[in-house]
Each structure stands twice: as C-alpha cells, then as structure tokens.
Amino acid sequence: MSSVILNDITKFYGNIQIIYNFSNVFNDHEFITLLGPSGCGKTTLLRMVAGFEKPSSGEIKIGEKIVNSKNKFIPPEDRGIGMVFQSYAVWPHMNVFENVAYPLRIKKFSKNEINDRVKNILEAVHLLEYINRMPNELSGGQQQRVALARALVSEPGVLLLDEPLSNLDAKLREFMRFEIKEMQKKFGITVIYVTHDQNEAMAMSDRIIVLNAGKVQQVGTPLNIYNKPVNKFVADFVGRVNFLNATAEAENGIIKFADGQFIKYSGDKNKFKSGKIILAVRPENIEINNNSGMLRGKLINSYYLGDINDCRINIGNENNNDNNNNNILRVFLPGNTYGKINADSEIYLNFDDYIIFDGDNE
C-alpha cells in the first residue's frame, strides 16, 4: 500500500485561485476525508492526486514515486491508484464480470488470473451471484459495488472516492458507508474520500480535512473536529450548533447575554478574557429543567423526529421574540418527551458543554 504526500499545492483556473498552498501527508492504510461545501476545492484536490488535473505549483508523491512536480507528470494509469466516481461510471454494455475485469485486460493479465481476481473481489463485495448480470439489472447500491470492485481488482496502493454515495437513497447510503469502511480495513488500503456529507466523514474517517474556498480550515480526528472546532465555519459545517452573541466579564467570571441573563464560566480562568465573544453550544449539549438552570426560556415550537424531539426555545426577554434569531436555541431532547412540554411554558436550561470564539471569529 502507499502513502500520499502533497507539498505546497496550488491550483489556478485562469486568474482564479482554487487551491491555496495545500500540504499534508496521507499515511499508509489511512482513511482520510476531504470535507467541505460545493466549490471548496475538494474534488479538484482529488483529481490532482489521480492525475486528471495538473497542479499550478507544488509536488505530489504516491509511495516512493513523485507523480507531479514542476518538471514531471505521471499519467493516471501509471500511478497505482483506483478511483470510484459519483456517477458509478459502470459500462452499460458489459456485464458485471466484464466491467470488473476491464482494468486487468488493459494491463494484459492472463485469462486465469483475470478470472480468479474478478471472482475474489466480487465475493468480497457480495456480488459473486450477480457476475453475469447487466448493469440495468442491478440496484444503485449494487452498481456502486461493481464500481468499487473494479477500482480494487488491480490491488492499487491508493483508493480515491469522489462522493460515491451521493446518488443513493438515505438508507442505502448509511449501509454503504460501513461497507466501504469494512473494505478498507480488509484490504489495508489508503483511502482518500471526498464528500460534503458530514455524517459520512464522521462515520468513516481516521482524519478529516475541512476545506472552505480552497483553504484548509482544520485537520483532525472526527472527535477533535466535532468537539474542538477552531472557528465558526467548522463548528457550523460539522454538526448542528447554536451561536449566541455574548460578553465575557473576566473579573466576575461570567458570560453575559444581551437581555441580562448570564452563566458562570467553568473553563480555564487563565484563558478567559473580557470582551465580545460568540458562545457555540450544540443542541444535544443542552438540558431542560422545569425548576432551575443556567438560563430561563420559553418553548416556541417542537418537532417530532422519532428518536428526537427537536425544540426551539427563546431565551430572550419579553420584548425579544422570534424575530431575533440570536435568542432562539435549538435543543435536542429524547423523542419520548414530545408533547410533554407546552408551548410558551417557562423552562430552564443547562449547558453540558460549550465553545467560545472571539467576537470577530469566522
């Protein structure tokens, strides 16, 4: 298997810069996800690793081989990679066997070796019984597994996946996440995965690289990215979050909100400075109590989602109602609490955890 090293990669289309000085090492056997909104540059990065795009500057190394530099370019077919596309790219005129065998035929493997490799990989992706079927006789998930088998049959050092699950329905996407992760573990392959879906990134990745407008925002494990986002963009893009404008009063050890309510600061006092701040708290980190708590509020609406009671709570004063979104908190409660709290009921809230950003943090 292979590591992938990107050193100071930039990409321009004309005068427009798409990627800004990207550097990172994707380790051997690692599952790494490039995560970000549409247009952030994640697919462009993947295509440069694949060799479908050339960097404007910088160097790319796969294993011990430099595949892109100022004076060197190795084409995709010689990079030792496999790739799965968003659109599957399964050939409609070939059956499952021929689709998967195609890269081996191009490399002039013997008939016996092609037969053995194709059957082994189809068994691994649970498609051996469909070996003679045409693509139009397969479901979307089965077609995606054909594409995955074709990418793996040549035993590449690196597997590249470009939003491979985006065309599948929600339940099948969830199933395929774990299928792909199990394949990665089974084959011990390095995977670079591109998605805008934070659930996919969280469930599958060893590390996540969050991108926005061609720039790296944060690199870390799913746990680190979710619980310790470095800025508002990461906090908002990965998971759900409430942002509250507030003022830190270090001398009193409190965080004060616009309507005069406040909470006591419970973190490291040496890092707590006075000034305008943004307090970020995730909906699942808020508890509701009928009798006492950090803040007082009123239930505006609640939405039943089965396992979750998705609530909106106004923590503003009587003069600040629904118009001021900074006063409206989203809170996740267990689904069995739905209907047990009346609208406009006065309730109290406690924060199990929260994050503080500077007032001008983006």
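Reader: Which residues of H3 meet Val96, Phe97, Val100, Ala101, Leu104 and Arg105 of H2?
Author: Bear in mind that this is a predicted model, where local features need pLDDT of at least 70, side-chain atom pairs count only at pLDDT 80 or more, and totals for chains, interfaces and linings use all residues. Numbering runs from 1 along each chain as its sequence is written, and side-chain values use heavy atoms, without hydrogens or water. On the H3 side of the contact (heavy atoms within 4.5 Å), the partners are Ile114, Asn115, Arg117, Val118, Ile121 and Leu122.

Reader: And how many nonpolar residues does the contact of H2 with H3 have?
Author: Here Ala, Val, Leu, Ile, Met, Phe, Trp, Tyr, Cys and Pro count as nonpolar, Asp, Glu, Lys and Arg as charged, and the rest, Gly included, as polar. The contact of H2 with H3 has one polar and two charged residues, and its nonpolar count is nine.

Reader: How are H2 and H3 oriented to each other?
Author: H3 covers residues 111-124, and its axis is 10 Å from that of H2, at an angle of about 125° (lines fitted to C-alpha atoms over the stretch in contact, angles from 0 to 180 degrees between N-to-C directions). Under 35 degrees counts as roughly parallel, over 145 as roughly antiparallel, 65 to 115 as roughly perpendicular, and the rest as oblique. So H2 and H3 are oblique.

Reader: Which residues of H4 make the contact with H2?
Author: H2 brings Val96, Asn99, Val100 and Pro103 to this contact. From H4 come Val146, Ala149 and Arg150.

Reader: Which H5 residues touch H4?
Author: H4 puts Gly140, Gly141, Gln144, Arg145, Leu148 and Leu152 into the contact. From H5 come Leu172, Met176, Glu179, Ile180, Met183 and Phe187.

Reader: Now the pockets: which residues are closest to the centre of the largest pocket?
Author: A pocket is an open set of points on a 1 Å grid where a 1.4 Å probe fits, with protein on both sides within 12 Å along at least five of seven lines, and lining residues have an atom within 4 Å of a point. The largest has about 590 Å³ of space (the space filled by probe spheres on points joined across faces, edges and corners). Of its 19 lining residues, the closest to the centre are Glu77, Ile81, Gly82, Met83 and Pro103.

Reader: Which helices supply at least two residues each to that lining?
Author: By class, the lining of the largest pocket holds 11 nonpolar, three polar and five charged residues. Strand S7 (81-84) gives at least two, as do helices H2 (96-106) and H4 (140-152).

Reader: Which strands give two or more residues to the lining of the second largest pocket?
Author: The second largest pocket has about 330 Å³ of space. Among its 14 lining residues, Tyr265, Lys271, Phe272, Ile356 and Asp358 are the closest to its centre. The strands are S15 (275-281) and S21 (355-358).

Note on methods. Helices (H or I, at least four residues) and strands (E, at least two) are DSSP runs, numbered from the N terminus.
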